[in-house]
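Here is a quick tour for someone meeting this structure for the first time. Have a look at the sequence and the 3D view, then read on.

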Amino acid sequence: MQRGFKESHLLQTRMKNHHIECGDSDSVSVAMFSIAPENQQEPVSKMQILAVTVWATCCICCIAGAEIFTSIGQMTDLIFIEREVVQSLKEYIQAEESKLAAVKRWANKLEVLTHASTSDPEGFLAHPVNAYKLMKRLNTEWSELESLVLNDPSHGFISNISVHRQYFPNEEDEKGAAKALMRLQDTYNLDSESFSKGKLPGQGQNSGVRYNAFLTVDDCFDMGKTAYNEQDYYHAVLWMQQALRQMDAGEEAKASKADILDYLSYSVYQMGDLQRATELTRRLVSIDPGHQRAGGNLRYFERLLAKEIREVAHNKQDPAKEKPIQLGTYERPRDYLPEREIYEALCRGEGVKMTPKRRSRLFCRYQDGNRNPRILFKPMKEEDEWDNPHIVRYLEALSNEEIEKIKELAKPRLARATVRDPKTGVLTTAHYRVSKSAWLEGDEDPVIERVNQRIEDVTGLTVDTAELLQVANYGVGGQYEPHFDFSRRPFDNNLKKDEPDAFKSLGTGNRVATYLNYMSDVEAGGATVFPDFGAAIWPRKGTAVFWYNLFRSGEGDYRTRHAACPVLVGSKWVSNKWIHERGQEFRRPCGLTEVD
């Protein structure tokens, strides 16, 4: 039955307050503190204090938990903020230069006077005018010079930067962005050198040059330290090796070669490569014989290596020259996601199971919503993306004007997207969902109301019981790892007893279908993939994809477990409507079997 407007509005508002987002429900290292490198801050020279201290302080003194890196849309604001700060800095430099020029003029004038006066002091002061001017100069003019020197032009710069400080990213943002690069590195099989030189798929040959997208030795070193601090020695090795490679090529850096070798040798040791760890430590000792850990580490590694060679005689190896560490030298540790390899391969466009036979079953058509009068004279263009389960794409689902309005409404409200904790039922952020989202009500703008009506018209399903339109923007390496949109609690007996039913309190049933609008093109990455049956759907601005999460019987279709691949290059904007079971009884009647 159709529900009244008031009841529908209250229900959707209630859903908004719940922020229902159903994530995947299933969701030892050796400590050797005596030989591991310690994290130390780089010393700052006196000449850097005035120009750098304020900037460095502001960069870490922002609002905690901002998570700016999770949304490219919000990060663009930082570009303009930084431009304003740079302009303020240039004005400060100009003021300092004017001050120094004035002081220099004083110094030149006084130098001439003192040269004349010191050559014959008594003769100089014998003239009463010179005597008077000396008294005046020392009493008045030197005070003026003192005031000029004490005048601090930095006040305007500090005031300006203080205003912008609240918008600056914090340490967690920097760490999140570093982890995002590592995630992209893993998903798209990119070596550290590709990132260092700015050479990424989906960009032109000179894109790295155009945007100055290069990583320095110090950048690579900091990437390695971020991984090291997380005990992620696999990535620590890759990035420390890249830092070493660039330094060996002659690039200058604040980080020392000894520090890089210190981190690299220990990380290689943690990866179980004693031979290479020993060679790297020998190189460290040769560079810095007095290093506080290198000598002890080398003796320790050599003892372990000798023991290993004695115990496994057939593995005996002569000391070899150190070889560069490449992507694939070490195996990436396995994690919690069972379909990791399939998922990442699909993100790269590999392993897609679109056979010629399956392609022959895909068609395109005009969809008039069963002769719905609102779209009868301008039906939607519908294309099959997959045959079973059936996934369709609607062309021209959103106009550019509608997209810009939706983004305009959503951007001020974007907040880190959350998932429901399967144990507590509480909404929380998760590393496997990196994006920001906002929820838009139908009655707050005619565009939202029109989009909601269009979804109902083309799918034939009521949106009265659907959740609000969710708008999401993916940040650096933004992704949503494999998950189900529907709640499995109603029919999956294998779930833990304490895992809650995400939608029971709403009284609208499960998520029967997903309607996903693509509101931007993505230069590289960002596909929607289905690991179970090997489908990859690529974003195309203005189009929308639609699929059912449940069979007609209400049973969950486990094949629809899907993921949003990390965005490699570009900014990904989407909006989606999760349609619920209630109200669909006569629009999508039950079938005769559980899997109809």
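In which sense do strand 11 and strand 15 pair, and over how many bridges? They pair in the antiparallel sense, over five bridges.

## Before we start

A word on what you're looking at: this is a predicted model, where local features need pLDDT of at least 70, side-chain atom pairs count only at pLDDT 80 or more, and totals for chains, interfaces and linings use all residues. Residues are numbered from 1 along each chain as its sequence is written, and side-chain values use heavy atoms, with hydrogens and water left out.

Helices (H or I, at least four residues) and strands (E, at least two) are DSSP runs, numbered from the N terminus. Two strands pair if DSSP finds at least two bridges between them.

Buried here means under 20% relative accessible area, exposed means over 50%, and partly exposed is in between (1.4 Å probe, protein chains only).

## One disulfide, and two other cysteines

The structure holds one disulfide, defined as a pair of cysteine sulfur atoms within 2.5 Å. It joins Cys 347 to Cys 565, with 2.0 Å from S to S. Cys 347 lies in helix 15 (residues 340-347) and Cys 565 in the loop between strand 16 (562-564) and strand 17 (567-569), so the pair ties together parts that are 218 residues apart in sequence. The torsion about the S-S bond is about -85 degrees, so this disulfide is left-handed.

Are these cysteines buried or exposed? Cys 347 counts as buried because its relative accessibility is 2%, and Cys 565 counts as buried at 1%. Cys 220 is buried too, at 0%, whereas Cys 364 counts as exposed at 60%.

## Aromatic rings

How many aromatic pairs does the structure hold? There are 19. Rings of Phe, Tyr and Trp (its six-membered ring) pair if their centres lie within 6.5 Å; planes under 30 degrees apart count as stacked, over 60 as edge-to-face and the rest as tilted. One of the pairs is Tyr 228 with Tyr 263, which is edge-to-face at 5.0 Å centre to centre and 90 degrees between the planes. This pair links distant parts of the chain, 35 residues apart: Tyr 228 is in helix 10 (residues 217-229) and Tyr 263 in helix 12 (residues 257-270). Tyr 228 is buried, with a relative accessible area of 8%, and so is Tyr 263, with 4%.

Another edge-to-face pair is Phe 530 with Trp 547, at 5.2 Å centre to centre and 85 degrees between the planes. Phe 530 sits in strand 13 (residues 528-530) and Trp 547 in strand 15 (residues 544-548), 17 residues apart. Phe 530 counts as buried at 0% relative accessibility, as does Trp 547 at 2%.

## Charges over rings

A charge sits over a ring if NZ of Lys or CZ of Arg is within 6 Å of the ring centre and within 35 degrees of the ring normal. Arg 511 lies over the face of Trp 578, at 3.5 Å from the ring centre. The charged end of Arg 340 sits over the ring of Tyr 336, 5.7 Å from its centre.
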